[in-house]
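Reader: Please take a close look at one part of this model. I would like a single connected account, with cut-offs given as you go.

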Amino acid sequence: MLTIAIQNKGRLNEDTVSLMLDAGISASASHRKLISDAKGFPLHVLYLRDDDIPQAVAMGVADIGIVGLNEVLEKEQDVEVLMKLGFGACRLSLAVPKEVDYQGLKWFEGKRVATSYPVILRKFFADNGINAQVHQIAGSVEVAPAVGMADAIFDIVSSGGTLIQNGLREEETVTFSEAVLISTPNLDDDKNREIEKLKFRFQSILESRGMKYVLFNLPKNKIDEAVAILPGMKSPTILPLANPEWVSLHVVLHEDILWEKIEQLKNIGATDILVLALENVIR
Ligand code: ATP
Ligand code: MG
């Protein structure tokens with residue numbers, strides 16, 4: 001049976017548990033347990049701090065894990081990144097106090113930079129030929145310049161609000177991150193087959209996110225116009241109605257373009273438009 005390591009609490013825990021739930025796998029969300037069995041898929045679930053997940057997977061304590069790519073890059077453990085999971089998006093950036101007249105990377109020469117990601121940062125400075133002092137601190141990195149511990153910071157940014165609150169300005173984005181599924185390299189065939197099943201479930205969930213199932217009635221002579229409005233569709237499903245002048249059209253649309261398309265369809269005579277949630281896209 002596979003063992004998966006997930007974050008016990010914190011930012012990734014909830015999205016991880018709900019991705020698994022959408023995939024028909026219920027794991028206890030409780031962080032008081034260290035290990036439990038999931039329902040809906042043969043899986044042991046190991047609850048760890050996110051920092052420990054790459055190592056647990058590299059050692060084979062867990063066969064797979066869900067963790068931020070930032071931790072995978074920082075810990076440099078021997079794990080395989082199997083797929084991106086579409087949540088926990090953030091970037092790792094260099095930020096300087098807002099009063100600094102920043103002219104480019106050369107500014108960091110000889111400066112002290114506080115971070116919880118020393119490996120990623122040292123590599124970035126080395127790749128760019130910058131000699132800076134990297135100071136590793138465990139938390140509250142963003143207050144380091146204000147208290148005189150550093151000249152700048154390198155940290156996780158999502159909205160950027162925390163930087164602004166601390167009088168800092170983001171200057172260089174070094175890398176992007178999101179939650180990823182990782183595995184121990186060279187697992188046996190049985191485990192790989194189980195992992196493929198799990199990936200297939202996650203993939204179908206990710207593909208259905210943001211998608212809506214839309215059906216509407218349309219005068220039969222407007223089919224060509226409707227198809228032109230719905231680009232990228234191989235072919236919408238067209239069903240006859242009792243009235244031979246009318247048809248029912250069924251399409252899957254992303255919510256980003258939903259309202260725009262609905263307006264265009266109404267303009268060519270679409271009526272009785274139903275928009276339904278889509279649970280799964282299985283290809
Ligand atoms: P742990 O106790 O498990 O070590 P933590 O305090 O290190 O937790 P969290 O703050 O829970 O970590 O963040 C976990 C992960 O969430 C990060 O490593 C990153 O991949 C992702 N993340 C996404 N957006 C943000 C953000 N704005 N700040 C921090 N982490 C973020
Ligand atoms: Mg952590």
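**The aromatic part**

Author: Lys-111 lies over the face of Trp-107, 4.4 Å from the ring centre. A charge sits over a ring if NZ of Lys or CZ of Arg is within 6 Å of the ring centre and within 35 degrees of the ring normal. This is a predicted model: local features need pLDDT of at least 70, side-chain atom pairs count only at pLDDT 80 or more, and totals for chains, interfaces and linings use all residues. Residues are numbered from 1 along each chain as its sequence is written, chains are lettered from A and ligands numbered from 1 in the order written, and side-chain values use heavy atoms, without hydrogens or water.

Trp-107 also belongs to an aromatic cluster, with Tyr-102, Phe-108, Phe-124 and Phe-125. Rings of Phe, Tyr and Trp (its six-membered ring) pair if their centres lie within 6.5 Å; planes under 30 degrees apart are stacked, over 60 edge-to-face, the rest tilted. The count by this rule is five aromatic pairs. Tyr-102 and Phe-108 make an edge-to-face pair, because their planes stand at 65 degrees, with ring centres 5.7 Å apart.

How accessible are these two partners, Tyr-102 and Phe-108? Buried means under 20% relative accessible area, exposed over 50%, partly exposed in between (1.4 Å probe, protein chains only). Tyr-102 has 13% relative accessibility, so Tyr-102 counts as buried. Phe-108 is buried too, at 0%.
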